[in-house]
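Welcome, and thank you for taking a look at this one. Please have the sequence and the structure side by side as you read on.

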Amino acid sequence: MKAKTFPRTLRQAVTYFRDPDEARWLLAQLRWPEGITCPSCGSFEISDLTTRAVFCCRLCRRQFTVKSGTIFEDSPIGLHQWLCAVWALSSREHAASSHELARRIHVTQKTAWFMLSRIRLAMQTKGFNALPRSGRRRPRNNRLWRKGSSM
Ligand SMILES: [Zn+2]
């Protein structure tokens, strides 16, 4: 783990999560508090292809990123922006407002509001897995989203 101080204000969070390694690391912690797990087969045998920010499952050979299968996947909103919103919602000292978030991460207030509501929902359901869409299989392995994660 890196020695960088975790952000205490939204302003610090914006700078902090601009580092893609930090952003990736934090999301991995949120998703897999018990260790990186293959979203396809649930295996813990994962190779980290750090240079490409991609993980590879040693069992099923599937490659995935920290965003695969989450609400952050296929989003035009950058991961660092999402994580600022996550930070704003999980911070105790700092109540999140969509107006302030919008200003800090340079999105419209409407977008910020949408992000906050998506994350609130994800927090309630104890995971950041993508909402089921029609024709899309829900992951069977709910071990990843177990209650009592380190959030
Ligand atoms: Zn696998």
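## Lys67 and its surroundings

Let us begin with Lys67, which is in contact with Phe72, Glu73 and Leu79 once its neighbours within four places in sequence are left aside. The model is a predicted one. Lys67 sits in the loop between β3 and α3. Is Lys67 buried or exposed? Lys67 is buried, because 20 other C-beta atoms lie within 10 Å and a residue counts as buried at 20 or more.

Lys67 can also be related to a residue from elsewhere in the sequence. Its C-alpha atom is 9.3 Å from that of Arg31, although 36 residues separate Lys67 and Arg31 in sequence.

## The overall plan

Of the 151 residues in the protein, 26% are buried. Among the contacts with a separation of 6 or more, 49% join residues 24 or more positions apart.

## Where α4 meets α5

Two packed helices are described by the angle between their axes and the distance between the axes. For helix α4 (residues 98-105) and helix α5 (residues 109-124), the angle is about 115° and the axes are 8 Å apart. α4 is therefore roughly perpendicular to α5. The two helices cross in a right-handed sense.

Which residues make the contact of α4 and α5? From α4 come Ser98, His99, Leu101 and Ala102, and from α5 come Gln109, Thr111, Ala112, Trp113 and Leu116. By class, this contact of α4 with α5 has five nonpolar residues, four polar and no charged.

## The buried face of α4

Staying with α4, the residues Ser98, Leu101 and Ile105 are buried. Seen down the helix axis, the buried residues of α4 fall within an arc of 60°, so they line one face of the helix. What does this buried set pack against? Its partners are α1 (10-16), α3 (79-90) and α5.

Just after α4 comes His106, which takes a positive phi of about 60°.

The axes of α3 and α4 come within 11 Å and cross at roughly 150°. This crossing is right-handed. On the α3 side, Gln81, Cys84, Ala85 and Ala88 take part, and they meet Leu101, Arg104 and Ile105 of α4. The residues of the contact of α3 with α4 are five nonpolar, one polar and one charged.

α3 also packs on α5, at an angle of about 65° and with the axes 10 Å apart. The crossing of α3 and α5 is right-handed. Here Trp82, Ala85, Val86 and Leu89 of α3 meet Met115, Leu116, Ile119, Arg120 and Met123 of α5. This contact of α3 with α5 comprises eight nonpolar residues, no polar and one charged.

Ala85 of α3 meets residues of α4 and residues of α5. Leu101 is a buried residue of α4; Leu101 is also part of the contact with α5 and part of the contact with α3. On α5, Leu116 takes part in the contact with α4 and in the contact with α3.

## Loop residues worth a look

Two loop residues other than glycine have positive phi values. Where does Arg61 lie? Arg61 is in the loop between β2 (54-57) and β3 (63-64), and its phi is positive, at about 65°, although Arg61 is not a glycine. Arg61 is exposed, because 11 other C-beta atoms are within 10 Å and 12 or fewer counts as exposed.

Asp74 is placed in the loop between β3 and α3. Its phi is near 55°, again positive in a residue other than glycine. With 9 other C-beta atoms within 10 Å, Asp74 is exposed. Lys67, found in the loop between β3 and α3 as well, is buried.

Finally, Glu34 belongs to the loop between α2 (20-31) and β1 (46-49). Glu34 is exposed, with 11 other C-beta atoms within 10 Å. How many residues apart along the chain are Glu34 and Phe44? They are 10 residues apart, and their C-alpha atoms are separated by 9.4 Å.

Terms used. Residues numbered from 1 in each chain as written. Predicted model: local features only at pLDDT ≥ 70, side-chain atom pairs only at ≥ 80, totals over all residues. Axes fitted to C-alpha atoms, helices over the stretch in contact; angles between N-to-C directions. Helix = DSSP H or I, 4+ residues; strand = E, 2+ residues; numbered from the N terminus. Parallel < 35°, antiparallel > 145°, perpendicular 65-115°, else oblique. Left-handed = near helix turned anticlockwise from the far one by under 90°. Contact = placed C-beta atoms within 7 Å. Nonpolar A, V, L, I, M, F, W, Y, C, P; charged D, E, K, R; others polar. Arc of directions from axis to C-beta.
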